[in-house]
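Trainee: I would like to go through this entry chain by chain. Could we begin with how strands are said to pair?

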Amino acid sequence: MIAHALKLVWNRKRQNALVLLELVGAFLILFALLVAVLGAWQRFSVPIGFDPEDVWVLTARSGRAPAPGENGERLLTALREHPAVQSAGMMQMGLYTTAGMNTGWYDDNGELHRAEVVSAGPNIDHVLGLDIVDGRWFEAEDQQAGESRVVVDRAFAETIFEADSPVIGEPFRLGDRDENFRVIGLVEHYRKGGELTQNRPVFFRPMWPDEDLQRGWFNLAVAVQPGAPPEVEEALVRRLRAEYPDWSFDISRVEEQRTQHLEQGATPLIAAGVVALFLLFMVGLGLTGVLWQNVSRRTREIGLRRAQGATAAAVRWQIVVELMVLAVIGVLLGGVFAAQLPLLGLLSMRLDVGLQAFLAAAATLLGLTVLCGLYPSWLASRVAPAQALHHQ
Amino acid sequence: MLRSYVILAWRILGRRPFFTFVSLFGISLTLVVLMLATAFLDHAFGARAPEVNTDRMLGVFQIELIGEQSQYRGEAGYSVLAPLRDIDLAEEVSVGTVPRAAVTFVDGQKVSLAMRWVDGEFFRVFQYEFLEGGPFTDQDDAEARPVAVINHETRRRVFGDEEAIDGSIEIDGRTFRVVGVVENVPAFRPASFADVWVPISTSKTDAYLEGLYGSFQGFFVAPNRDRMPALREEILTRLAEVDVSTEEDYDRLHANVETTFDALARELLSVPSEGGSSPGMAMRWLILGLALLFMALPSLNLINLNMSRILERASEIGVRKSFGASSRTLVTQFVIENILLTLIGGVVGLVLATLALHLVSGTALVSYAELGLNPTIFTWGILITLAFGLLSGAYPAWRMSRLHPRQALAESGS
Amino acid sequence: MIRLEHVSKVYRTDRIETQALDAVNLTIADGEMVSVMGPSGCGKSTLLSIMGLLDEPSDGRVTLDGRTIERYDDRQLAQLRNRTLGFVFQSFHLIPDLSVLDNVEIPLLYRRMPARERRQAATAALERGGLASRLHHFPAQLSGGQQQRVAIARAIVGEPKVLLADEPTGNLDSHMGDEVMSILEALNADGTTVVMVTHDPRMAERTERTLRLFDGRQVH
């Protein structure tokens, strides 16, 4: 049956070439969409490692280099005075932003590794609800420790240490750099960019609020009482302004940032999805038309088959299988094209996501072709042998 | 002749509702998407208020400070751009910051604002549509008067139904007097978008006066397009004279003097700032390529549908040839048939696109986007439709016309 | 009216060569009614397509209406077919998507005749065939005999000098066949040259002269 279908497909190669091209196009569109959707889903299902609920972030900017004596401690103290504030901490970067500090190093095998460096102060673990699975967060005693103590995430620990070896208390260096680090805590995840960003190794360095500021901007995170009213926002900003009048302060609710982040990530996917669905629907209708036309043109051939003993079901299958053979070829060709994308570095995707997307796209396309074949094949199965032989 | 072709085509379409529907569906869908994209591009890049001068405006959007060890890439400091104000080749020169986040509180509710510190000339470079009042002037800037121009959205949120002009608005702890209200500018117009504009000199500190880096951009309007290369040269020459020795880490300063479109394209395509060909050109090709790629599938669909009907219509072709139709006449006939089809699809598509644009504008997907149909988009829609009709009709028509009449008649005979 | 000199036709596919016509010489005078007979595959239809300028001979010369066809240029041929020839086919070949009237108008369409004149001429031709009440029907709504009468109306609407008919009665019962035959005879009486391929001896008897073909050769 399949071999027969293959032969028919080959003998009509000229007409089939364009249909094949259309199937390859449809496959590639499906594949691209699924890579994006599955990739987003896969990133979304990894925990972000912090809890945005009732967390506010205040961003301070001076528009100039910080003056000696300016530090974050005064601001933190001011914030803690407010009854609605439960805890407060200082950190360099805000949340739900892609801006950040990165570092890269070569390991002994000459392989390049990259990690995100997050500067954060004491208390941030409480404010953000960090998931510390081993060891502890930065405390005042670390400031005078005389060594660089860090908290790392699981992904970072895995790039530095052997699997299953202890992490807490262990020293490490980044490639051939001079600085010696010691791990005091381990978190499972920390993705400050949000749910839809790539998960990558992170390590935290302490940021001490009572030291002079390094940069003309930084962030303060506060955990507020659940349901704190908007007036609190104004009160907090005014309070900070009173401390540092020539600085600007912006305040944002992390929960709102989260919603915005998800909306911004989902909108292009939804738009692309709607367009792709319409395209597929159109392709489906088009293929149905082509098959229909095929069947009415081949009435005599079908009649002949019926006369020679083919059952209605066999005829019906023949029509569907022929298109499916084309679809399989299209999927394979499309797969070859799609495989070039990561090779050319045009599409950064994980292999497992690519594979899932390939399978899902292939299944959808084959399903579509079966659907397209339903009506025409039903028409074909209704061709009576005699009627076919006397066509026209 | 043409009229009878059209009538003929119309009848044939009417007799085949399924095929007509499938074709129309594909065509109008493609058109809707392309028109939405066109509307968006026109909104983002077209010469419309306030960026009416884009086609003869150059900007210094970012600079690079390059040293042995370090590199800075970002907006320039005030001291880099301010001296360029006396360039005679430019009709207008303005210096201002990129939008920065600022907050104001209305009845305890926080309102986030994108705020620009600009000079008076900014309002001559960018022709904002003033709904109330007017711009502030160079005089206001020179005397550091706390005045502000706000956009319509901010006016609505801060003042509601009350009078806005001469009203006061407190931003980051400073009180400004509102002198003008302008129409909203969408966020994807990075050169002109903001919620609030205030004079540069009202900055909280004088720190902005020093240093090579900061958050300033320069805008230069040439008298006409022909003078742009000369203006660009002049700006580059002047930037080359900037003294970099005040910064320890850097040896030289590099900047691209380019149009807003080029700057955006450079950003989007990550074109390196030095070397690298025109990013605007690359962007245009990319957009064209994407559009063609997007049209490819619907075209293929239509071609396949038309091809599958060739043999069904073989007898028709044979008859026409027997009775004196030449190949060229047949090609004309089929192409006209297809163009008629695409035009109908085009009309349906235009109607749907209008509805879709209305919907997209309704949802606040992009800040202050007021997408609508205009003559430009309409013209593009018609052009796209015709291109589509030709693209999907020509090949099948050619194949049809090449059918040998004797063979064609035999194909469908008994 | 039609002269074939030493006309041969060879069909070539990938592997096989078929000699459809082998050095055929014949002359058909103005106003004659001629039938062509022979067994299946003897080259009757090929002969008719070459006379009708639908196909190019591999060798030999065709003269039509005093004009020798030297170059087979698509546009010139199209014009010649349009002005001089009319065709009737065994399976009618009406365009299913067009009404009877539209079908009959086709030859006039390619003469750039104004729409109103086209309509008048087509209506007249159909009325002559007794189809005045069927102008706006579609082919599928007509019987076989009616369809063939429409096809004849289409063939004569442009007042061609030569009518080429390929088994015009082949798909019709004898009663309808007679009817069609009478129409052809009437046309011939009005001065139209008629060449008809048939394998029905009864029909061939009704013509003035019968040409017999066997394996691509003319036998007498």
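Mentor: Two strands pair if DSSP finds at least two bridges between them. The model is a predicted one.

Trainee: What is the order of the strands in the open sheet of four strands in chain C?
Mentor: The pairing in this open sheet is antiparallel. Its edge strands, each pairing on one side only, are S2 (17–28) and S5 (67–68) of chain C. Read across the sheet, the order is S2-S1-S4-S5.

Trainee: Which residue is the bridge partner of Leu64(C) in S5(C)?
Mentor: Strand S4 of chain C covers residues 59–64. S4(C) and S5(C) are antiparallel and share two bridges. In S5(C), the partner of Leu64(C) is Arg67(C).

Trainee: Glu167(C) has a positive phi although it is not a glycine. Is Glu167(C) buried or exposed?
Mentor: The phi of Glu167(C) is about 45 degrees. Glu167(C) belongs to the loop between strand S7 (162–166) and helix H6 (174–189) of chain C. A residue is buried if 20 or more other C-beta atoms lie within 10 Å of its own. Because Glu167(C) has 22 C-beta neighbours inside 10 Å, it counts as buried.

Trainee: Asp164(A) also has a positive phi. Is Asp164(A) buried or exposed?
Mentor: Asp164(A) is not a glycine, and its phi is about 65 degrees. The loop that holds Asp164(A) runs between helix H5 (154–160) and strand S7 (171–172) of chain A. Asp164(A) has 6 within 10 Å, so it is exposed.

Trainee: Is Gln340(A) buried or exposed?
Mentor: Gln340(A) sits in helix H9 (residues 312–344) of chain A. Between the C-alpha atoms of Gln340(A) and Arg205(A) there are 40 Å in space, and the two are 135 residues apart in sequence. Gln340(A) has 10 C-beta neighbours inside 10 Å and therefore counts as exposed.

Trainee: How far apart are the end C-alpha atoms of helix H10 (residues 351–381) of chain A?
Mentor: H10(A) has 31 residues, and at 1.5 Å a residue the helix should span 45 Å. The distance between its end C-alpha atoms agrees with that span: 43 Å.

Trainee: At which residue does H10(A) bend?
Mentor: The bend is about 40 degrees. A proline, Pro376(A), follows within four residues of the bend. The residue at the bend is Leu374(A).

Trainee: What is the radius of gyration of chain A?
Mentor: Chain A has 11 helices and 11 strands. For its 392 residues the globule rule gives 21 Å, and the chain is well over that, so it is more spread out than a compact globule. Its C-alpha atoms fill a box of roughly 100 × 55 × 35 Å along the principal axes. The radius of gyration is 31 Å.

Trainee: What share of the residues in chain A is buried?
Mentor: Among contacts in chain A with a separation of 6 or more, 85% join residues 24 or more positions apart. Of the 392 residues in chain A, the buried share is 38%.

Trainee: What is the radius of gyration of chain B?
Mentor: Chain B comes to 13 helices and 12 strands. A box of roughly 95 × 55 × 35 Å along the principal axes is filled by its C-alpha atoms. A compact globule of 414 residues would have a radius near 22 Å, but that of chain B is 29 Å.

Trainee: What share of the residues in chain B is buried?
Mentor: In chain B, 77% of the contacts with a separation of 6 or more are between residues 24 or more positions apart. Buried residues in this chain of 414 come to 44%.

Trainee: Which residue stands opposite Thr97(B) in S11(B)?
Mentor: Strand S3 (residues 92–97) of chain B has five of its six residues buried, so it is largely enclosed by the rest of the structure. S3(B) runs antiparallel to strand S11 (residues 216–221) of chain B, and six bridges join them. Opposite Thr97(B) stands Phe216(B).

Trainee: Which element gives the most residues to the side of chain B that touches chain A?
Mentor: The contact takes 36 residues from chain A and 37 residues from chain B. Elements of chain B that give two or more residues are H2 (17–45), S4 (100–106), S5 (109–118) and H9 (279–308). The residues on this side divide into 21 nonpolar, 11 polar and five charged. With 10 residues, the element that gives the most is H9(B).

Terms used: Residues numbered from 1 in each chain as written. Chains lettered and ligands numbered in written order. Predicted model: local features only at pLDDT ≥ 70, side-chain atom pairs only at ≥ 80, totals over all residues. Contact = placed C-beta atoms within 7 Å. Nonpolar A, V, L, I, M, F, W, Y, C, P; charged D, E, K, R; others polar. Rg over C-alpha atoms; globule rule 2.2 N^0.38 Å. Buried ≥ 20, exposed ≤ 12 C-beta atoms within 10 Å, placed from the backbone. Expected span 1.5 Å × (residues − 1). Bend = angle between axes of the 7 residues up to and from the residue.
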